[in-house]
Amino acid sequence: MNHFNFNFYDAFDFDDDTLMFVFQVATAVIAEEESNNQGRRTEYRGSILCHNIVNRNRKKGELRLYNDYFAENPKFTESQFRRRFRISLCPFL
């Protein structure tokens, strides 16, 4: 038997009634699963399933950046800002 010419549908003799029964059973199983999962909290919280959300404390980072470079008494100098971000500090002031 040549494996490349094997047809799955020819291997099994399904009539229309059998296919309809299989479709109805599959539909009933899916409906029951959906009803069981209603109200249950899932791990899905974003655009990617099971993707963990990492809290990066963006507000604290923004405050730290401001205090490090833009406050009245910055922690780093203008030359250090230029070295790190490769842009002049003047447009931001």
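## Positive phi angles

Arginine 86 is exposed, with a relative accessible area of 76%; here exposed means over 50% relative accessible area, buried means under 20%, and partly exposed lies in between, computed with a 1.4 Å probe on protein chains only. Arginine 86 sits in the segment after helix H4 (78-85), and its phi is near 55°, a positive value in a residue other than glycine. Helices are DSSP runs of H or I with at least four residues, strands are runs of E with at least two, and both are numbered from the N terminus.

Asparagine 57 likewise has a positive phi, of about 50°, although it is not a glycine. Asparagine 57 belongs to the loop between helix H2 (16-37) and helix H3 (58-70). Its relative accessible area of 39% makes asparagine 57 partly exposed.

## Basis of the model

The model is predicted: local features need pLDDT of at least 70 and side-chain atom pairs count only at pLDDT 80 or more, whereas totals for chains, interfaces and linings use all residues. Residues are numbered from 1 along each chain as its sequence is written, and side-chain values use heavy atoms, with hydrogens and water left out.

## Overall architecture and surface

The chain has four helices and zero strands, so that its elements read α-α-α-α from the N terminus on. Of its 93 residues, 4% count as buried. The chain exposes about 9,600 Å², of which carbon and sulfur atoms supply 54%; accessible areas come from the Shrake-Rupley method with a 1.4 Å probe, and for residues only the protein chains shown count as cover.

A nonpolar patch on the surface is formed by Phe21, Val22, Val25 and Val29, which together have about 360 Å² of accessible area. Patches are made of residues with over 30% relative accessible area and no salt bridge, joining like charges within 9 Å and nonpolar side chains (Val, Leu, Ile, Met, Phe, Trp, Tyr) within 5 Å.

## A buried aspartate without a salt bridge

Aspartate 68, found in helix H3, is buried yet has no salt bridge. A salt bridge requires a side-chain nitrogen of Lys or Arg within 4 Å of a carboxyl oxygen of Asp or Glu. The nearest side chain of opposite charge to aspartate 68 is lysine 75, 4.6 Å away; Lys and Arg count as positive and Asp and Glu as negative, while His and the chain ends are not counted.

Leaving aside residues up to four places away in sequence, aspartate 68 touches Pro74, Lys75 and Phe76, where contact means heavy atoms within 4.5 Å.

## Aromatic pairs and cluster

Rings of Phe, Tyr and Trp (its six-membered ring) pair if their centres lie within 6.5 Å; planes under 30 degrees apart count as stacked, over 60 as edge-to-face and the rest as tilted. By this rule the count comes to six aromatic pairs. The ring centres of tyrosine 69 and phenylalanine 81 are 5.2 Å apart and their planes stand at 70°, so this pair is edge-to-face. Because tyrosine 69 lies in helix H3 and phenylalanine 81 in helix H4, the pair ties together parts that are 12 residues apart in sequence. Tyrosine 69 is buried, with a relative accessible area of 6%, and phenylalanine 81 is buried at 4%.

Phenylalanine 81 also pairs with phenylalanine 70: the centres are 5.8 Å apart and the planes at 70°, so the arrangement is edge-to-face. This pair links distant parts of the chain, with phenylalanine 70 in helix H3 and phenylalanine 81 in helix H4, 11 residues apart. Phenylalanine 70 is partly exposed, with a relative accessible area of 22%. One aromatic cluster is formed by Tyr66, Tyr69, Phe70, Phe76, Phe81 and Phe85.
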